[in-house]
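Here's a quick look at the salt bridges in this model, plus a stop at one helix. Have the structure open while you read.

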Amino acid sequence: MKVRHFVIVLLLVSNITLSSGFLDVFVAAASVVYTYFERDDLLLFDSKRLEEDLRENFFGQHIASNVIQRAVSSFMTDSKPNKPLVLSFHGTSGTGKNHAAKIIARNVYKKGEDSKHVHTFISERHFPYKQKSDLYSAQLKQWIHESVSRFPRSMFIFDRMDKMHPQLIYAIKPFLDYNARVDGVSFRKAIFVFLSNAGGDVITGVALDFWREGNIRENLWMDSKELEIKISQNIFNDKNSGFLHSSIIDEHLVDHYIPFLPLELKHVRQCVMVEMVHLNVTQDSDLADEVARDMPYFPKEERIFAVKGCKSVRQKLAQHID
């Protein structure tokens, strides 16, 4: 319809008169061109490219890297998925949840996170007032529905999902279901990524116990300490979480609960090296080590995990350079 209106306006402005039959053909052709350019932002998916991107740019998260690579690759190569891909990232601040979502985006779309088909919502910014939940819910449902109707392979990122009002989470639910079709629109090719700090303390506790037992970090997997079960139970039982009052969890609409482990000194050092490139600074391993060691760590005695993860690494590096 938008294409037809555009063409009619264009013809009026150009003072061109055409028969209705010719106009229909012209509109149909324009629609094909419009659709082509809409889809032109979609990359030909390459599982190996995603694997390499995760390996080279995603530090200290062997569990998340493995699950994301397999889940996204399986979904993107499935010509007839039976539901949208729904991933829920959990961990403390600075562990790479936003970064991982960006890696997925740049392996699906040519413009990555800047693609108009990637829609990011931050609970406190986009839905700040609880008393307006009815309005937010209606707007959110309309936005998701219209986005997918225009482009089935749309991606939606919800940051601070644990802080979202239950009514908003309930509004999202119909789009996540099996064979989801809402008002004639199929959502089976859409991607939903939830980012949350919920479960972060549980993940940290498991990682710390694992370290204290003398185990190698890379030997910790999803089934090692029943991580996925502990995460889902924790966020479901958290009275402060919007998940508690939603049916997303008990109806098993989330495909994967993915833990993001607290980062260690060596991982922060890797982040510093990457930031040197972004700031056009010659990579210096000694400087990277100095910056990494200047970050706060916990527990206080052992100093094992970075309190902020890799968050504020760029700012800390800038201070050292100055």
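## Salt bridges and a helix

Asp53 is buried, with a relative accessible area of 11%. Keep in mind that this is a predicted model. So what does Asp53 pair with? Its side chain meets that of Arg106 in a salt bridge, 2.7 Å from N to O. Arg106 sits in helix H5 (residues 97–106) and Asp53 in helix H3 (residues 47–57), so this pair ties together parts that are 53 residues apart in sequence. Arg106 itself is partly exposed, at 33% relative accessible area.

That pair is one of 12 salt bridges in the structure.

| Pair | N to O distance |
|---|---|
| Arg106 and Asp53 | 2.7 Å |
| Lys83 and Asp255 | 3.2 Å |
| Arg160 and Glu124 | 3.5 Å |

Take Lys83 and Asp255, a salt bridge with its closest N and O atoms 3.2 Å apart. Lys83 is in the loop between helix H4 and strand S1, and Asp255 in the loop between helix H10 and strand S7, so the pair ties together parts that are 172 residues apart in sequence. Lys83 is buried at 5% relative accessible area, while Asp255 is partly exposed at 25%.

Elsewhere, salt bridges with shared partners join Arg269, Asp289 and Arg293 into one network.

Now for helix H7. Its buried residues include Tyr136, Leu140, Ile144 and Val148.

Conventions
Residues numbered from 1 in each chain as written. Predicted model: local features only at pLDDT ≥ 70, side-chain atom pairs only at ≥ 80, totals over all residues. Heavy atoms only, no water. Buried < 20%, exposed > 50% of the residue type's maximum accessible area, 1.4 Å probe, protein only. Helix = DSSP H or I, 4+ residues; strand = E, 2+ residues; numbered from the N terminus. Salt bridge = Lys/Arg side-chain N within 4 Å of Asp/Glu carboxyl O.
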